[in-house]
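Dear colleague,

Please find below the structure that I am handing over to you. I would be grateful if you looked through it before reading the notes that come after it.

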Amino acid sequence: MMKKVVLVLFIGLLAFSVKAQEKVAKIEFKTETIDYGKIERGSDGVRAFEFTNTGNAPLIISKVSSSCGCTIPKKPKDPILPGKKGVIEVKYDTKRSAGPIRKAITVISNAATPTKVLKIKGELVEANKV
């Protein structure tokens, strides 16, 4: 009986150590929400979400999409190596009608958490009302 318990424990530990050595990318954002605050119509709507690959495998961002056509995200073309930083650029169309900004950007990658949702918020105001 004791041999079986030891064997089961040994196999369990062996499986755990193999799993622990598995290479995995991890994406950690500096911030998951960008607040434009009050931004004038027609001004520069480009902002950047900075992130770090905190895993031990190259991070590949396969897709970045927005909740509307008014926000254009740009993903890194190359894999982000472990320990390195990257940027997802977001351009909000500030020529739109004044009003609140509440948009979501979905990031799909090979990270341990494959889907991340980032947010932009703020208020688009007429140039003379800031």
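The notes below go through the findings by topic.

Please keep in mind that this is a predicted model.

An open sheet of 4 strands has the order 1-3-6-5, and its pairing is antiparallel. Strand 1 and strand 5 (71-74) are the edge strands, each pairing on one side only. On average, neighbouring strands of this sheet are turned by 30° against each other, direction ignored.

Strand 3 and strand 6 run antiparallel and are joined by 7 bridges. Within this pairing, Phe 49 stands opposite Ile 88 in strand 6, and Glu 50 stands opposite Val 87 in strand 6. Strand 5 and strand 6 also run antiparallel, and 4 bridges join them. Here Lys 74 has Glu 89 in strand 6 as its bridge partner.

Which residues of strand 6 form its covered face, and which its uncovered one? The covered face consists of Gly 86, Ile 88, Val 90 and Tyr 92, while Lys 85, Val 87, Glu 89 and Lys 91 form the uncovered face.

In soluble globular proteins, nonpolar side chains tend to be buried together. In this model, the largest nonpolar core has 23 residues, of which Phe 49 and Ile 120 touch the most other members. The elements that give two or more residues to this core include strand 1 (27-29), strand 3 (46-53), strand 6 (85-92) and strand 8 (115-125).

The structure also holds 2 aromatic pairs. In one of them, the rings of Phe 29 and Phe 51 have their centres 5.5 Å apart and their planes at 55°, so the pair is tilted. This pair links distant parts of the chain, with Phe 29 in strand 1 and Phe 51 in strand 3, 22 residues apart. Phe 29 and Phe 51 are both buried.

There is 1 disulfide in the model. In general terms, a disulfide is a covalent bond between the sulfur atoms of two cysteines. The disulfide here joins Cys 68 to Cys 70, with an S to S distance of 2.0 Å. The link of Cys 68 and Cys 70 is left-handed, with -70° about the S-S bond. Are these two cysteines buried or exposed? Cys 68 has a relative accessible area of 22%, so it is partly exposed. Cys 70 is buried, because its relative accessible area is 3%.

Finally, I would draw your attention to Lys 95, which is placed in the loop between strand 6 and strand 7. Lys 95 has a relative accessible area of 65% and is therefore exposed. Which residues does Lys 95 touch, not counting those up to four places away in sequence? They are Arg 41 and Gly 42. The C-alpha atoms of Lys 95 and Arg 41 are separated by 5.4 Å, although these residues are 54 residues apart along the chain.

Yours sincerely,
A colleague

Note on methods: Residues numbered from 1 in each chain as written. Predicted model: local features only at pLDDT ≥ 70, side-chain atom pairs only at ≥ 80, totals over all residues. Heavy atoms only, no water. Disulfide = S-S within 2.5 Å. Buried < 20%, exposed > 50% of the residue type's maximum accessible area, 1.4 Å probe, protein only. Core = buried A, V, L, I, M, F, W, Y, C linked by side-chain atoms within 4.5 Å. Contact = heavy atoms within 4.5 Å. Pairing = 2+ DSSP bridges. Axes fitted to C-alpha atoms, helices over the stretch in contact; angles between N-to-C directions. Phe/Tyr/Trp six-rings, centres within 6.5 Å; stacked < 30°, edge-to-face > 60°.
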